[in-house]
Amino acid sequence: MEKILDVKELRTNFYTDEGVVKAVDGLSYHINKGECVGLVGESGCGKSVSAMSILRLIPYPLGVIEGGEILFKGEDLLEVSEERIREVRGDRISMIFQEPSTSLNPVLSIQRQLTETLELHRGMKSKEAKAESVRLLDVVGIPDAERRVKDYPHQFSGGMQQRIMIAIALSCNPDVIIADEPTTALDVTVQAQILELIAEMRERLGTAVLIITHNLGVVARYVERLNVMYAGSLVETGPTDEIYANPKHPYTIGLLRSVPRLDQPRTEVTEVIEGMPPNLAHLPAGCRFAERCSFVMDQCREEKPVLAEVSEGHFRACFYDADKLI
Amino acid sequence: MTQINSFERKLVNMAEQHNKLVEVENLVTYFPIYSGLLQQKTGDVKAVDDISFFVRRGETLGLVGESGCGKTTTGRSILKLEEPTSGNVIFEGKNLIEMEGEPLRKMRAHMQPIFQDPFASLNPRMNVGNIIGEPLFVHNLAKGKELRERVEDLLNMVGLAPQMAERYPHEFSGGQRQRIGIARALSASPSFIVCDEAVSALDVSIQGQIIKLLIKLREKLGLTYLFISHDLSVVRHISDRVAVMYLGKIVEITTSDQLYKNPQHPYTISLLSAVPIPDPKVDRTRKRIVLKGDIPSPINPPSGCPFHTRCQMAVEECKTTKQELRGVDAEHWVACHRV
């Protein structure tokens, strides 16, 4: 399968008063053409920073992409000129952010925000772009698009705003859409609407989608492959069904067990992961999960495990015997 | 013979009455809207619109619904942090709505809130010891050495080190702050706690820890919770019974097990179907009922059943007739024409 986006050994640091925060530390993953991939992790694990790094949206000089490669159709986005990355942003790779209310410009009409991308990237004339903006709103299911396109963001509900964000992201028919927590700010019933919409758009346009989320439930149904991230790098990656059925990293196992499930009988107390994620400015030597892991061995505290294949396409970074976990 | 029977019935009634720690009767909380040059009242946000329920002693009642459905206002009205427009809240046999001043202030020691956002609900200028000790001080329950010891006990109880009393909120992570919030709520030894989205702002692994802590404390201290959240999986997990709210009204109330096995109200059914299950094999087989549109405005809620504008089973009757909660069985009440 053709890799459309290949992130290799990405490292992004933030230079703060507290020291060097290694937000992304040796992260590697890829997305195939037209594929839907999930990136799961808790807040502060570096999942959003890694997405921002792909489009070089890290605030310099506070944050610096220190190393690695981001190959988009074979072209390293970290090496290309500022002009070239601007061509890619919003055109070939677009983003949907978590909070639609803060990502839309409150003083511009929806139409202006849609036509901006169309005029910039597709070279459309004003009239043509306006017609296209109405069509796009219609596609993402905003009723009465012709009239509503003139409205401003605050006149829409959260779910509707997220639909507008999706319309903007889709406007140039990109190869990859990065959706960073697209449903976190939304209610469950609206969340279902938005996820269905993203899935439908992906099917119709053949766009590859990267869904970044902290919620293991959200991605279960939609993604083909899953990447689990902890403290700056991947701990487990593989086909979705395989990871949910046979998680092989103690962190993934803990994460799956600590969420109560609607379809299972209520158990007395859920098993939980004790402790907190490590401070990214003072990372421990060895495995980053060692402090919280119930299978920890001496080796884990000295040496950092690397991803190794446990079954076809299923990799994990752990020293403990894969068959003896659980 | 009949006399004995009626006497027995009276005893049963009394026992049942004693069993109820909190009873909410026809609670209504409206927020007036003022507009225009003269700032005249032009309408109401009908946040809570005539709801009744009770919480038994030692029980956890879950309250779920989407944002804007009035679940938080319900919790705040019960604690009288919000002045209800009408209705009664009976706590330990006393009507809180009629209370004010000193008796109300004293009553507050028995009912405490835990808030959603641990970053906004702790005073950044007070150290943890003072935050946790404040209710003890305010209610004159302890002072000096005794107060310090009690604070240390509380910190231990919520899984924090006693030395942390000297530190300030900004030095703590979200999960630790929520533990501080819990310790503060517990400090005056209340019997009733309103947890308003107490775990929603936390990460998955930390959320699990706090749920576990809340369950442990409930068992240890015999607490009664009103657990308000938008997360159905969490609510069902922690609660004995669950009430589902939509646009200021309770549409269904039942036991946690029945809620998943046998939901009756179309809104509950669609809400349950929208909750993703973290298992692709199971989740893909579930039929998802995607509701159309958004929640109508609580300023001008639909006539009749508030859900009829989005309901797939709505009939003509739903547009005009208000639905009262009707019993499917003793523990299961639904407000729908189909029941």
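Student: How are helix 4 of chain B and helix 5 of chain B oriented to each other?

Tutor: Please note at the outset that this is a predicted model. In general, two packed helices are described by the angle between their axes and the distance between the axes. Here, helix 4 (residues 128-138) of chain B packs against helix 5 (residues 144-157) of chain B at an angle of about 120 degrees, and their axes are 9 Å apart. Angles of 65 to 115 degrees count as roughly perpendicular and those over 145 as roughly antiparallel. Helix 4 and helix 5 of chain B are therefore oblique to each other. Their crossing is right-handed.

Student: Which residues of helix 4 of chain B and helix 5 of chain B meet?

Tutor: From helix 4 of chain B come G129(B), I132(B), G133(B), L136(B) and F137(B), and they meet L147(B), R150(B), V151(B) and L154(B) in helix 5 of chain B. Sorted by class, this contact has 6 nonpolar, 2 polar and 1 charged residues.

Student: At what angle do helix 4 of chain B and helix 6 of chain B pack?

Tutor: The angle between helix 4 of chain B and helix 6 (residues 174-186) of chain B is about 30 degrees, with the axes 7 Å apart. Angles under 35 degrees count as roughly parallel, and helix 4 and helix 6 of chain B are therefore described as roughly parallel to each other. On the side of helix 4 of chain B, the contact is made by V128(B), I131(B), I132(B) and P135(B); helix 6 of chain B supplies I180(B), A183(B) and R184(B). These residues divide into 6 nonpolar, no polar and 1 charged.

Student: How many residues does the contact take from chain B and from chain A?

Tutor: The contact takes 38 residues from chain B and 36 residues from chain A. On the side of chain B that touches chain A, the elements giving two or more residues are helix 7 (204-221), helix 8 (232-238), helix 9 (256-261), helix 10 (266-274) and helix 11 (280-285) of chain B. Helix 7 of chain B provides the largest share of that side, 7 residues. By class, the side of chain B that touches chain A has 17 nonpolar, 11 polar and 10 charged residues.

Student: How far apart are the axes of helix 11 of chain A and helix 7 of chain B?

Tutor: Helix 11 (residues 250-258) of chain A and helix 7 of chain B have axes 9 Å apart and pack at an angle of about 50 degrees. That angle makes helix 11 of chain A oblique to helix 7 of chain B. The crossing of these two helices is left-handed. G254(A), L255(A) and S258(A) of helix 11 of chain A make the contact with V204(B), S205(B) and G208(B) of helix 7 of chain B. By class, the residues of this contact are 2 nonpolar, 4 polar and no charged.

Student: Which residues have the most contacts inside the largest nonpolar core?

Tutor: They are L210(A) and V244(B), in a core of 173 residues. Helix 7 (residues 158-170) of chain A gives the largest share of this core, 8 residues. Leaving aside residues up to four places away in sequence, V244(B) touches several residues, including V64(B), I250(B), Y267(B) and L271(B).

Student: Where is the place of T184(A)?

Tutor: T184(A) lies in the loop between strand 7 (176-180) and helix 8 (188-205) of chain A. With 14 other C-beta atoms within 10 Å, T184(A) is partly exposed.

Conventions
Residues numbered from 1 in each chain as written. Chains lettered and ligands numbered in written order. Predicted model: local features only at pLDDT ≥ 70, side-chain atom pairs only at ≥ 80, totals over all residues. Axes fitted to C-alpha atoms, helices over the stretch in contact; angles between N-to-C directions. Helix = DSSP H or I, 4+ residues; strand = E, 2+ residues; numbered from the N terminus. Left-handed = near helix turned anticlockwise from the far one by under 90°. Contact = placed C-beta atoms within 7 Å. Nonpolar A, V, L, I, M, F, W, Y, C, P; charged D, E, K, R; others polar. Buried ≥ 20, exposed ≤ 12 C-beta atoms within 10 Å, placed from the backbone. Core = buried A, V, L, I, M, F, W, Y, C linked by C-beta atoms within 7 Å.
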